[in-house]
Amino acid sequence: MQQQRFQNSMLYVLLISTVFIVGCKSYHHIENDTDITPLGLSVEYIRQPQEVLIIDDKPEFAWELPSTIVEQSAFQVLVSSSKIAVENNNGDVWDSGKIASNQSIDIEIKGTGLDVGQTYFWKVKVWDEKNTESLYSEFQSFKIGVRKDIITSANSFKIEHIKPVVFKQITDSSYFIDFGKAVFSTLEFNYKTTIQDTLVFFIGEQLVDQKINRKPKGTIRYQEIKVPVNPEQSSYTLAIKPDKRNTKPGAIQLPDAFPVLMPFRYVEVENLKGAIQSQDFTQLAYFGYWEDNMSHFESSNSVLNEVWNLCKYTIKATTFTGLYVDGDRERIPYEADAYLNQLSHYTTDREYAIARQTIEHFMEQPTWPTEWQLHVALMFYADYMYTGNTELIEKYYDELKFKTLMELRREDGLISSSKATPEFMEKLGFKDPKVKMKDIVDWPPAQRDTGWKLATKEGERDGFVFKPINTVINSLYYKNLVIMAEFAEVLNKADEKVTFEKLALKVKETINSKLFDTKLGVYVDGEGTDHASLHSNMMALAFNLVPENHIESVVAFIKTRGMACSVYGAQYLLEALYNANESEYALTLMTAKHDRSWYNMIKIGSTMTLEAWDMKYKPNADWNHAWGAAPANIIPRYLWGIQPKTPGYSLASIKPQLGGLKTSSVVVPTLRGQIKASYTLQENKIEKYVIEVPANMKAEFEVKTSSKIKVNNKIILNSISHIPLESGSNIIEIFN
């Protein structure tokens, strides 16, 4: 079925190309077979598989193709039992032979399966569109580990050794150190002394009056640590004290080989008697596997650039547990947090193992909010679209049906969490029969529910009125049904596909007939209230529930509310705005400088996104929460509009909505290689795009304009909205 979907998409692109004759094809001069040799190999999506255990005994292989190729026409994979065998081109475990196919991802080894404990070696060669044969790639090695209850292989961790960017003497015996950014880390230092003594270290995330804040609010991190020193020792590591809350049962524990880690940027050390230099201090920073050069963004708006850098770094820095956790306060995975983290991880690095492992975690360890259950299918779908892999869908399809909450529906199709029984909660994976499902909408809730002194009495919910039939819940439910219909098709479950499609249609019709106020032109919060919040309207718009004739009034209402949602809700607010082609307003929100903005996080001194817009909006917030990093995926996926249109990125969709930007460039990672794009608004008002599509990928460039368009110096019809692009460099000019 997946192959059929791919073939259909390719026929569609070829048809458009034939009809419009846009001449987008990029031509490459191939000197010899080394110019088309595969690179960027991975096993189970892991780029350095020799560093980990591969627990799938029938793993999938993938590779990238160099820019000298337009499209692969065939491949041959060798899997060998030894280094000597693979070097001699002897696929004694598996020799695929020459297979006529353009597939370069999700190539599963054939046979009975590989042996646990055995190390294997593999490589691949390809034939290009002219049937030119390449040399074999460099080989990779990997070892098969024991599969337990999950199918996802964990990736490796990386340690970076970071030196101070500021090293300043305060007094004769004290120094101040700034490492530039907060990171989950510990500290190594060298110190020579002639006597037994004690140094006092202060480490933290926040400064007050140029000193580390000794009494930070909320979950902003700080510790005082005393380190005994003696003449027999010169190298030391800080003994950071573990936090009781984020190491209790339910929290994700760090590997035994890790020291205790804490997020900190600043260090102060006192009681020094010996000589000390900047080079004596090293911050040991722990990350999940990460390659910084996989993504890039820059534009003519300096604030947007800062916001992107903040959010991208947040995604990197919060990989330290190997799963998506909520931040340092609890270190617990939550479904909605994880989904936003997943989207941003896919747009900042070519890494999929953490998302897949987190998905499998949720199937056994769910959390209580209603909406969080409805985010699980969204995680499955993102994984499917970005990898093209169906193994998770195949394994968890039946359990995933429970996660849609479809059993809680009433006759008109809408669902209510009030119908959830202990028996149903058990189906969702809850072990404790006392756990109850509760609608959350956004977080934190109104002041009456918390006792906190919040800046606004309504919390982050924009005054949302809770009713048993909830518009936000049912908007998410509708999206779940749409996803499940596609999954049913992938698994050749034709009857179930029809069932999900009918349910989705019914839900959409009921939401629009019962939860839409025709007089005001907005969605109310639920059945039995006339209150309309930002959340009800942005969620309906984000999930394409709003009929064309109501989009204008819904957008007008949304624009009256500003950023009346949390950093989590901002993901869906921005998606809704880009869905409605409101790019200029969306850009205004992402570059705002008030206290409900990403710039505010930078201004107050954090180098990772906060759990809330500001501490006054959530008094126990932390300064290292990836659910606040929405621009890391919104900028590539919506502002630049780069998303997979078919599973595995065989066909990319590129729909730029750059607002008022005059220049911009972006690099987006995919399994097939990086999509690179640049934009310039020239003095003559010609908009110029240069889009570089990786080999073995096609793309559709979507533009709404009545102006003349040139693609690779050929004029095309003004009425074309989807311009097909081939792999290679494509130049698009729009004459306004």
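Residues are numbered from 1 along each chain as its sequence is written, and side-chain values use heavy atoms, with hydrogens and water left out. Because the model is predicted, local features need pLDDT of at least 70 and side-chain atom pairs count only at pLDDT 80 or more, while totals for chains, interfaces and linings use all residues.

Rolling a probe the size of a water molecule over the atoms shows where empty space is left. On a 1 Å grid over the protein atoms alone, a cavity is a set of points where a 1.4 Å probe fits but cannot get out, whereas a pocket is an open set with protein on both sides within 12 Å along at least five of seven lines. Lining residues have an atom within 4 Å of a point. Grid points are joined across faces, edges and corners, and the volume is the space filled by probe spheres set on the points. The largest pocket holds about 1,000 Å³ of space. Its lining comprises 31 residues, and those closest to the centre are Lys479, Asn544, Asn579, Tyr638 and Gln643.

Helices (H or I, at least four residues) and strands (E, at least two) are DSSP runs, numbered from the N terminus. At least two lining residues come from each of α4 (335–348), α7 (376–387), α10 (471–490), α14 (569–579), α17 (631–639) and β23 (642–644). Helix α7 gives the most, with 5 residues. By class, the lining has 15 nonpolar, 8 polar and 8 charged residues. Here Ala, Val, Leu, Ile, Met, Phe, Trp, Tyr, Cys and Pro count as nonpolar, Asp, Glu, Lys and Arg as charged, and the others, Gly among them, as polar.

Two of the lining elements were followed further. Buried means under 20% relative accessible area, exposed over 50%, and partly exposed in between (1.4 Å probe, protein chains only). In α17, 9 of the 9 residues are buried. Among them are Asn633, Arg637 and Tyr638. Gly641 follows α17 and has a positive phi, near 70 degrees.

Strand β23 belongs to a sheet. Strands of a sheet pair through backbone hydrogen bonds, either parallel or antiparallel. Two strands count as paired if DSSP finds at least two bridges between them. An open sheet of 4 strands runs in the order β23-β24-β28-β31, with mixed pairing. Its edge strands are β23 and β31 (722–725), each pairing on one side only. Neighbouring strands of this sheet are turned by 25 degrees against each other on average, direction ignored. Axes are lines fitted to C-alpha atoms, for helices over the stretch in contact, and angles run from 0 to 180 degrees between N-to-C directions. β23 and β24 (residues 651–654) run antiparallel and are joined by 3 bridges. Gln643 has Ser653 of β24 as its bridge partner.

Strand β4 (residues 74–80) has 7 of its 7 residues buried, so the rest of the structure largely encloses it. Both faces are covered, with Ala74, Gln76, Leu78 and Ser80 on one side and Phe75, Val77 and Val79 on the other. β4 is joined to antiparallel β8 (residues 119–127) by 7 bridges. Ala74 has Trp127 of β8 as its bridge partner. Ala74 also stands opposite Ala100 in β6. The antiparallel pairing of β4 with β6 (residues 99–100) spans 2 bridges. Another 2 bridges join β4 to antiparallel β5 (residues 94–95), where Asp95 stands opposite Leu78.

Strand β12 (residues 174–190) is also largely enclosed by the rest of the structure, because 13 of its 17 residues are buried. A hairpin through 2 residues joins β11 to β12. These strands pair in the antiparallel sense over 5 bridges, with Thr171 and Ser174 as bridge partners. β12 pairs with β18 (residues 262–270) over 7 antiparallel bridges. In that pairing, Phe176 has Glu268 as its partner. β12 also pairs with β19 in the antiparallel sense, over 5 bridges. There, Glu188 is partnered by Thr282.

Gln283 lies in β19 (residues 281–288). Gln283 is buried, at a relative accessible area of 0%. Its side chain reaches the backbone oxygen of Phe264 at 2.9 Å.

Conventions
Polar contact = N/O pair within 3.5 Å; in protein donor to acceptor, adjacent residues only side chain to side chain.
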